[in-house]
Amino acid sequence: MKLKSLEISGFKSFADDTKIEFEDGVTGIVGPNGSGKSNVSEAIRWVLGEQSAKNLRGSRMPDVIFAGSSDRKPLNRALVTMILDNSDHYLKSDYTEINVTRKLFRNGESVYQLNGQDCRLKDILNLFMDSGIGDNAFSMISQGRVEAIFNSKPEDRRFIVEELIGVSKYRLGKEKAQRELDQTAGYLDRVNDLMTELG
Ligand code: ATP
């Protein structure tokens, strides 16, 4: 699975329709302070279903809609489409290319689409669950979070590494198995007690 391109229109500082193509290898986005570099990563976070305006440096979700500038009027809707190459079917979908779209209008109307079809937020969250690129995944590390990670305790940092390499789900499985073992040991003790009582 690979991020192919991102279409942004009316989202934050991107008033015009903008298409960013991601070529093979590493892509770096450079530009002066305040030119909109973080807005690109926020567009990705948003289209993946981010529900917290605070995580997008706003106070309410419509703050993501282009608010106007000295020479342009504010716009009425924000739109982001993310196009993924899924030819390896890393995401559990029959599609070899997946388009995810999110739109938000100033009146609060919100639209989510998967490959051009209207869908629920839940469908998008389900598609990315366990893929490592969901809205809460560590694949997106914001500026503030880098500092938090460096300053965190070793155990907390280990938790992050475990999340990244996908060990967390095994840890949860191990904890569940341990609870079941403890419960079974309890039943066995009870059976032994009964057998002793019965002589
Ligand atoms: P730095 O290098 O300082 O981190 P940056 O290149 O990451 O900066 P961003 O933080 O992505 O820049 O962009 C900030 C710019 O986006 C500001 O100029 C801000 O006014 C603009 N901006 C944010 N939200 C909106 C909005 N809703 N409408 C218009 N412009 C917006």
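I44 counts as partly exposed because 19 C-beta neighbours lie inside 10 Å; by the criterion applied, a residue is buried if 20 or more other C-beta atoms lie within 10 Å of its own, exposed if 12 or fewer, and partly exposed in between, with C-beta atoms placed from the backbone. The structure is a predicted model, in which local features need pLDDT of at least 70 and side-chain atom pairs count only at pLDDT 80 or more, while totals for chains, interfaces and linings use all residues. Residues are numbered from 1 along each chain as its sequence is written.

I44 lies in helix 1, which covers residues 37-47. Helices (H or I, at least four residues) and strands (E, at least two) are DSSP runs, numbered from the N terminus. Leaving aside neighbours within four places in sequence, I44 is in contact with L6, M82 and M140, a contact being a pair of residues whose C-beta atoms, placed from the backbone, lie within 7 Å. I44 and E7 are separated by 37 residues in sequence, and their C-alpha atoms are 9.9 Å apart in space.

The protein has 5 helices and 6 strands. Read from the N terminus, the order of elements is β-β-α-β-β-β-β-α-α-α-α. Strand 1 (residues 2-9) and strand 3 (residues 77-85) run antiparallel and are joined by 7 bridges; strands are taken to pair if DSSP finds at least two bridges between them. Within this pairing, S9 stands opposite L79 of strand 3. Strand 1 is also joined to strand 2 (residues 18-21), again antiparallel, by 4 bridges. Here the bridge partner of S5 is E21 in strand 2. In a regular strand the side chains alternate between the two faces of the sheet.

Positive phi values occur at two residues other than glycine, R57 and N115. Phi of R57 is near 60°, and R57 is found in the loop between helix 1 and strand 3. R57 counts as partly exposed because it has 13 C-beta neighbours inside 10 Å. For N115, phi is near 45°. The loop that holds N115 runs between strand 5 (110-114) and strand 6 (117-119). N115 is partly exposed, since 13 other C-beta atoms lie within 10 Å.

Around the ligand there are 14 residues, of which S13, N33, K37, S38 and A67 come nearest. A residue is near a molecule or strand if its C-beta atom, placed from the backbone, lies within 6 Å of it. The shell comprises 3 nonpolar, 8 polar and 3 charged residues, where Ala, Val, Leu, Ile, Met, Phe, Trp, Tyr, Cys and Pro count as nonpolar, Asp, Glu, Lys and Arg as charged, and the others, Gly among them, as polar.

At the level of the chain, the protein is divided into domain 1 (2-135) and domain 2 (167-199), with bounds from an automatic or database domain assignment. The C-alpha centres of the two domains lie 47 Å apart. The C-alpha trace spans about 90 × 40 × 35 Å along its principal axes. The radius of gyration is 23 Å, whereas a compact globule of 199 residues would have a value near 16 Å; the quantity is taken over C-alpha atoms, and the globule rule is 2.2 Å times the number of residues to the power 0.38. Of the 199 residues, 16% are buried. Among contacts with a separation of 6 or more, 51% are between residues 24 or more positions apart.

Notes. Two residues are in contact if their C-beta atoms, placed from the backbone, lie within 7 Å.
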